[in-house]
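Let me write down what I look up, entry by entry.

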Amino acid sequence: MAKPAQGAKYRGSIRDFPDFNPSQDAETLYNAMKGFGSDKEAILELITSRSNRQRQEICQNYKSLYGKDLIADLKYELTGKFERLIVGLMRPPAYADAKEIKDAISGIGTDEKCLIEILASRTNEQIHQLVAAYKDAYERDLEADITGDTSGHFRKMLVVLLQGTREEDDVVSEDLVQQDVQDLYEAGELKWGTDEAQFIYILGNRSKQHLRLVFDEYLKTTGKPIEASIRGELSGDFEKLMLAVVKCIRSTAEYFAERLFKAMKGLGTRDNTLIRIMVSRSELDMLDIREIFRTKYEKSLYSMIKNDTSGEYKKTLLKLCGGDDDAAGQFFPEAAQVAYQMWELSAVARVETLRPIAGGGGDHGLALICGFGVSGTDEDTIIDIIAHRSNAQRQQIRQTFKSHFGRDLMADLKSELSGDLARLILGLMMPPAHYDAKQLKKAMEGAGTDEKALIEILATRTNAEIQAINKAYKEDYHKSLEDALSSDTSGHFKRILISLATGNREEGGEDRERAREDAQEIADTTSGDKSSLETRFMMILCTRSYPHLRRVFQEFIKMTNYDVEHTIKKEMSGDVRDVFVAIVQSVKNKPLFFADKLYKSMKGAGTDEKTLTRIMVSRSEIDLLNIRREFIEKYDKSLHQAIEGDTSGHFLKALLAICGGED
């Protein structure tokens, strides 16, 4: 069994079996495979309740007692995914890794994802053991085999990782951190082309502690996380490898939680990935992986395995998982800190905006007249100008257009454009507060109310933005926003929206003692009726500052073993539930909230053009680049690709211009 570092808690899910008797276990396995068929239940129960060290002793005793190889017998008796899983558990960890890599580079094609996962995540000691195990098992040199099967910068980085020489000193030089930040910046963002050798040297050799500080300083210096620069400067398998290295430096457990989620989401299961991770991490950090999985995906790893697999294969995986974190009392209190750190990271990432084009102001109003030709409208010219100017510049264009031609540009655009393109271009031409005011007005006029639009806007805007919307609404529609909301909504939902529409959220930092009190207030779901609970949530979620609420959510997890979203979804329903969930998600990670909305607007049959347009317009000068990063991180494809695959014509062209680039 892998031993934790001195002073560290053991975080594996499989432990040494007490009163272990290898001869007795060998006999049990022999009897389970004797005769016609095999007792799969007995096999999985025994093997998953023994540590890897104990399994090796069982193998030795099996050979001594019966003159046979236990792994060979298991291969003969078992089949399919269950056989691969059980046999994987029976191999020593380094030999299991060696087998995975041998399979990844054998035959036609290479499983680059397997190579990346293993070599990016293993410690120096594990790499050295892997190299030796590969040599012992296959009488071949691992470096030579990988070199022969890969190429380019991808191969160079794999070779660097194979040396197992990453620095391990926890003493960090601040001067060297600053130098590495500058070297990475100059090798990528500031260079025509990319100096891949610098990325390979620094990310392949520096200690984890050192690199975490480099990543923090890189964000402060450049305004973007190192991952964004890697995506922008590198490509293909080399890019994927470097991103995996960065993820493992930040948190190996989070990297594996993400790999497990992706292995099981959607149609079909990537069983090889699932087996490899569950086997290799069961005696290292499975409890950490479970914590992060539960926090990040709002479901337990156990429940996802249970719903995605079947038979003895499922039973074995669940044994390796070690527990259901959706069960009462099972959600680790330590996960509260993990969750808080994730929310804090999303909050401190610098917001990136569409930048004004130099000289792109009023004079460019003259060029727009070319878009209104006698022989029809030149949509390309209109898109090229409007989608590449900031909102302030567009207002100058409107003024210049009226001064030169005595006409209202908005009216001309309305008459010349139509459909989705018209809504998008006209939205871009409006000042942000007036655009939001119009979206709120549209959500409340006519038969029925678009509650989703009301929630999206009011749950995500800052105090200053809300106050500007109130002013614009009054100016444009000669009625207060509060009166409009009162007329069109009802009950607790109305009260929540009106509270949000006051734009009076606290703006200070966190108060830990008060955060504990607030968490206790909303954690007590048994006292009072449903109406009382909703009122308590409203008083806290609609008035406390974002930093304070993040601390409240952390304290809530400690008290209840659940994320606050879980409780909201369980205890509430309808629009009240939806608005509270939107507030919580916005507090945790606002760019991710909008990335989810954009994804849902384009997935499946048909496109929700209104939501797509509203978000692209309203976030283009606030955090659209952050949204793009969250989108590709969560959905494995860029926002640019999603838009390209789901829209067409001039609407597509304008959206891509606003999107600003392919990630």
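This is a predicted model: local features need pLDDT of at least 70, side-chain atom pairs count only at pLDDT 80 or more; totals for chains, interfaces and linings use all residues.

Among contacts in the protein chain between residues at least 6 apart in sequence, what share joins residues at least 24 apart? I get 72%.

**Entry: overall build**

I looked up the secondary structure next, and the protein chain comes to 39 helices and two strands. Then I checked the dimensions: along its principal axes, the C-alpha trace spans about 100 × 65 × 50 Å. Does the radius of gyration agree with a compact globule or disagree? For 663 residues such a globule would be near 26 Å, and the protein chain has 29 Å, so I note that the value agrees.

**Entry: inside and outside**

I wanted to know how much of the chain is tucked away. Buried residues make up 51% of the 663 residues. As for the surface, the protein chain exposes about 29300 Å², and carbon and sulfur atoms supply 48% of that area.

**Entry: charges**

How many positive and negative side chains does the protein chain have? I find 93 positive and 108 negative ones. I also looked up where the two sets are centred, and their centres lie 3 Å apart.

**Entry: salt bridges**

Searching the whole structure turned up 48 salt bridges. I picked out a few pairs to look at by eye.

- Glu-506 and Arg-514 meet through their side chains, at 3.0 Å from N to O. Glu-506 counts as partly exposed at 31% relative accessibility, and Arg-514 is partly exposed too, at 27%.
- Arg-577 forms a salt bridge with Asp-578, and their closest N and O atoms are 3.1 Å apart. I have Arg-577 down as partly exposed at 28% relative accessibility, and Asp-578 as partly exposed at 31%.
- Lys-63 and Asp-69 are joined by a salt bridge between their side chains, with 4.0 Å from N to O. Lys-63 has a relative accessible area of 47%, so I list it as partly exposed. Asp-69 gets that label as well, with 36%.

Which residues are linked in a network of salt bridges? My list reads Arg-231, Lys-247, Glu-254, Glu-258, Lys-262, Lys-296, Glu-633 and Asp-636. I put a mark beside Asp-636, one of the residues in that network, to come back to in the next entry.

**Entry: positive phi**

Most residues other than glycine have a negative phi, so I went looking for exceptions. I wrote down a couple.

Asp-636 has phi near 60°, a positive value in a residue other than glycine. Where does Asp-636 lie? I find it in the loop between helix 37 (624-635) and helix 38 (639-646). Asp-636 is partly exposed, with a relative accessible area of 44%. For my own picture: this loop residue is also part of the salt-bridge network I listed above.

Asp-19 also went into the notebook, with a positive phi near 55°. It sits in the segment before helix 1 (22-32). Is Asp-19 buried or exposed? The relative accessible area of Asp-19 is 75%; exposed means over 50%, so Asp-19 goes down as exposed.

Terms used:
Residues are numbered from 1 along each chain as its sequence is written. Side-chain values use heavy atoms; hydrogens and water are left out. Buried means under 20% relative accessible area, exposed over 50%, partly exposed in between (1.4 Å probe, protein chains only). Helices (H or I, at least four residues) and strands (E, at least two) are DSSP runs, numbered from the N terminus. The radius of gyration is taken over C-alpha atoms; the globule rule is 2.2 Å times the number of residues to the power 0.38. Contact means heavy atoms within 4.5 Å. Accessible areas come from the Shrake-Rupley method with a 1.4 Å probe; for residues, only the protein chains shown count as cover. Lys and Arg count as positive and Asp and Glu as negative; His and the chain ends are not counted. The place of a charge is taken as NZ of Lys, CZ of Arg, CG of Asp or CD of Glu.
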